[in-house]
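Thank you all for coming.

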Amino acid sequence: MIVVATPTGQIGQQVLDYIFDSNEAVRVIVRDPSRLSPRMRERVEVVQGSHDDIAVVTKAFEGADSVLWLVPPNPQAEDPMNYYLNFTQPACEAIKSQGVKRVIGVSSLGYDFGSPAGLLSPAFAMDDLIEKTGVNYRSLRMPFFMENLLHQVNAIKSQGMFYMPNAGDYKLATCATRDIADAAAKLLLDNNTWTGQDSVSVVGPDDLSPNDMARIISQVLERPIRYQQIPSKEYKATMMQYGMSEAWAQGLIDMAAAQDQGIYNNESRIAQRTPTSFIQWCEEVLKPAFQA
Ligand SMILES: NC(=O)c1ccc[n+]([C@@H]2O[C@H](COP(=O)([O-])OP(=O)(O)OC[C@H]3O[C@@H](n4cnc5c(N)ncnc54)[C@H](OP(=O)(O)O)[C@@H]3O)[C@@H](O)[C@H]2O)c1
């Protein structure tokens, strides 16, 4: 039995697509089952509720061979570290009580950075918490999701620009969520070859600065697109105007600072780069979103 949390999220949804044709039984934890496609509702068993609820995860993890674990972003959280750990604690109890065999967690690249890293630090603490249960565990470690740029499609359309607090010329490792889902699905389906606790880096072929991204986006959209770095204070104030908690907004800024200090560059164990290049992602995902 494979259990997938967040089956309606961008990673969870693609994981389900990858495992759809397998012979494995699949169970999902979902708050609103009507958000699953009809095809998916027929294929999977549904446990309704939130995966931070002990009753829900206890039921969902019964007889589970492998679980995909992911803490949903919560921009209203007043304390991101507590939020990640409180969200994960019930699952850790259920992993033990239900004897789950394997867990794959969505985390971040940069575990060995050694300094506070804003919103990335809670993901590293989540890894530690899950590992304490003793379960066989793979932490998926990713850099900057290309999909983060989908939040900026309106600005790209209306202003020909996109904005982040990151330095324009500092190169960031990137990855596409389809490649994260592919890596997760392979681990979920593999009942034989992995045990113990380790990490798997999921890093795309391109390290790109925001200015590099702007050049490639311009090429694909056939119009000039520019990157604008926003000073930290201004970025934080804007995010809070949109309803983000102060702590989450600060976490974003601190994460960008860690990225500009090379948090993604210390990873010595990237065995193999994933296939989706940034230009391919722009052609296949960003451009259709821009044209929609
Ligand atoms: N963005 C990056 O560059 C980056 C880099 C490294 C790691 N990460 C990690 O990637 C993860 C995000 O993955 P994603 O992009 O696939 O997420 P996503 O698309 O935002 O999906 C969030 C999922 O969580 C569910 N959800 C939201 N709030 C919930 C709640 N309170 N209780 C239960 N379920 C809830 C949503 O379901 P509903 O349909 O019910 O709303 C949805 O299925 C985060 O843990 C983040 O730390 C991100």
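This is a predicted model: local features need pLDDT of at least 70, side-chain atom pairs count only at pLDDT 80 or more; totals for chains, interfaces and linings use all residues.

**Sheets, helix pairs and a ligand shell**

Let me begin with strand 7 and strand 9 (residues 172–175), which pair in the parallel sense over two bridges, where pairing requires that DSSP finds at least two bridges between the two strands, and where helices (H or I, at least four residues) and strands (E, at least two) are DSSP runs numbered from the N terminus. Residues are numbered from 1 along each chain as its sequence is written.

Staying with that pair, Phe145 has Cys175 of strand 9 as its bridge partner. The sheet these strands belong to is open, with three strands in the order 7-9-11 and mixed pairing; strand 7 and strand 11 (207–208) are its edge strands, each pairing on one side only.

The other sheet is also open, and here seven strands are arranged in the order 3-2-1-4-5-6-10, with parallel pairing. Strand 3 (45–48) and strand 10 (197–201) each have a single partner strand, so one side of each of these edge strands is left without a neighbour in the sheet. From one strand to the next the twist averages 20°, with angles running from 0 to 180 degrees between N-to-C directions and axes being lines fitted to C-alpha atoms, for helices over the stretch in contact. Within this sheet, strand 4 (residues 66–69) and strand 5 (residues 102–106) run parallel and are joined by four bridges, and Trp69 has Gly105 in strand 5 as its bridge partner. Lying across strand 1 (2–5), strand 4, strand 5, strand 6 (136–141) and strand 10 is helix 7 (residues 177–189), which runs at about 170° to strand 6.

Now to the helix pairs. Helix 4 (residues 80–97) and helix 5 (residues 121–132) have axes that come within 9 Å and cross at roughly 25°. That angle makes helix 4 roughly parallel to helix 5, given that angles under 35 degrees count as roughly parallel, over 145 as roughly antiparallel, 65 to 115 as roughly perpendicular and the rest as oblique. In the contact (C-beta atoms, placed from the backbone, within 7 Å), Pro80, Met81, Tyr84, Leu85, Thr88 and Cys92 of helix 4 meet residues of helix 5 including Ala125, Met126 and Leu129. By class this contact holds 11 nonpolar, two polar and no charged residues, where Ala, Val, Leu, Ile, Met, Phe, Trp, Tyr, Cys and Pro count as nonpolar, Asp, Glu, Lys and Arg as charged, and the others, Gly among them, as polar.

How do helix 8 and helix 11 pack, and at what angle? Helix 8 (residues 210–221) and helix 11 (residues 278–291) pack at about 60°, with their axes 10 Å apart, and they are therefore oblique to each other. Among the residues that meet here are Met213, Ile216 and Ile217 of helix 8 and Phe278, Leu286 and Phe290 of helix 11; the contact divides into 10 nonpolar, no polar and two charged residues.

For helix 9 (residues 232–241) and helix 10 (residues 246–260), the axes come within 9 Å and cross at roughly 145°. Their contact has six nonpolar, two polar and two charged residues.

Finally, the ligand. It is surrounded by 23 residues, of which the closest are Thr8, Gly9, Ile11, Pro72 and Phe145, a residue being near if its C-beta atom, placed from the backbone, lies within 6 Å. Helix 1 (10–19) and strand 7 (144–145) are the elements that give two or more residues to this shell, and helix 1 gives the most, with three. By class, the shell has 10 nonpolar, nine polar and four charged residues.

Key:
Two residues are in contact if their C-beta atoms, placed from the backbone, lie within 7 Å.
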